[in-house]
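User: I would like a close look at a single part of this model.

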Amino acid sequence: MANDASTVFDLVILGGGSGGYAAALRGAQLGLDVALIEKGKVGGTCLHNGCIPTKALLHAGEIADQARESEQFGVKATFEGIDIAAVHKYKDDVIAGLYKGLQGLIASRKITYIEGEGRLSSPTSVDVNGQRVQGRHVLLATGSVPKSLPGLEIDGDRIISSDHALVLDRVPTSAIVLGGGVIGVEFASAWKSFGTDVTVIEGMKHLVPVEDENSSKLLERAFRKRGIKFNLGTFFEKAEYTQDGVKVTLADGKTFEAEVLLVAVGRGPVSQGLGYEEAGVAMDRGYVLVDEYMRTNVPTISAVGDLVPTLQLAHVGFAEGILVAERLAGLKTVPIDYDGVPRVTYCHPEVASVGITEAKAKEIYGADKVVALKYNLAGNGKSKILKTAGEIKLVQVKDGAVVGVHMVGDRMGEQVGEAQLIYNWEALPAEVAQLVHAHPTQNEALGEAHLALAGKPLHSHD
């Protein structure tokens, strides 16, 4: 292995996904000499196999639904079907534009970009393409891949992962989605809009089980109305091929059949065989363990993104990468409050939240110290115009700050920005109630909810 000792970077980053490239961009901006190593395409899962392509599919599905339902708005339109090749072209064009822009950013910041499969070779070096890249600090950001269950082989044919689903050359006539979390309900939503007969299998008691129970129930109600079927509270047992599809059997003996089975049971860290253990990095179940400043137990190594056991969200990766770059550049850094990170599930309707659930608040503060208020979007003019239903639920510590905002309804992901300010600035309901929200907007619903919580409801009942 060649060792070019003449070049020692300030920061060597293994992995060019959200966390890795954010650290590279911010580090270079702060004057660090940065090398970024990526075996695929810079942008990682989010840009190429996750956030961006799935949202493009969901938007195409939204357009299909609008065409079907246009007469509700007095517009006569004809829905003639889905041209999946054209949908993929639209999706791929979005990705290509963002990818080109990101490549330009990397080049403009004078980051040394190395395409190849890297491996940690010491606490201060990464081997790639037959060369050893030396750094004063190494950042591990190798991300995640779709997981499966014991005994369930994802073959890319009838049993597929989200990666396969994003490039499927047809709209399946029927699909079973194994997993009712974010990935599962987003694909279920998009496929239903495309005309697929969808059934979601979730072993927990509710869809999107990490969300506030009220949000889960509202989503389940909306899915029933849309004709998306789901089975809750019973775990998967086995899957087998039928003559023309797949049969899934649950632990209680119940069976389901469909053309394809999408395995959406989460994502696991990419860490095996990359030299982490050999370098002495502490790990647990494949995840790299870090402290609140993203430092591993090895002083010269940090880790970020899906590789560490924090929220698997692109914007969390961005924040963690920036934190590492700023820490290494000598700036004062503040640990991330993961409860204060906005979370959005982009199905129809959307589920958005920030802060803690009502159940968690009661656990922390005591049931008698927690106040919850629900504001129905039926009282919001813009939501009526859009014909969307849902609620905004606020969770407050009695006589104190709002500690949770939970929203269900179309476009609620666009309202979570203000919600995160309310949580992170520990706002009192009366303080938010003083702010004037534009009318008619869906954003106004957040203001109305806080007016009600402050004891002076306007377009809602006392």
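Against which helices do the buried residues of α3 pack?

Analyst: The model is predicted, with pLDDT of at least 70 needed for local features and 80 or more for side-chain atom pairs, while totals for chains, interfaces and linings use all residues. Residues are numbered from 1 along each chain as its sequence is written, and side-chain values use heavy atoms, without hydrogens and water.

The buried residues of α3 pack against α2 (44-49), α4 (84-108), α6 (182-194) and α7 (213-226). Helices here are DSSP runs of H or I with at least four residues, numbered from the N terminus. Buried denotes a relative accessible area under 20%, exposed over 50%, and partly exposed in between, with a 1.4 Å probe and protein chains only. The buried set in α3 comprises P53, T54, A56, L57, L58, A60, G61, A64 and D65.

The length of α3 agrees with expectation, because its 18 residues should span 26 Å at 1.5 Å a residue and its end C-alpha atoms are 26 Å apart; the expected span is 1.5 Å times one less than the number of residues.

Within α3 (residues 51-68) lies T54, which has a relative accessible area of 9% and is therefore buried. Apart from neighbours within four places in sequence, T54 is in contact with L166, E186 and F187, where contact means heavy atoms within 4.5 Å.

Terms used. Helices (H or I, at least four residues) and strands (E, at least two) are DSSP runs, numbered from the N terminus.
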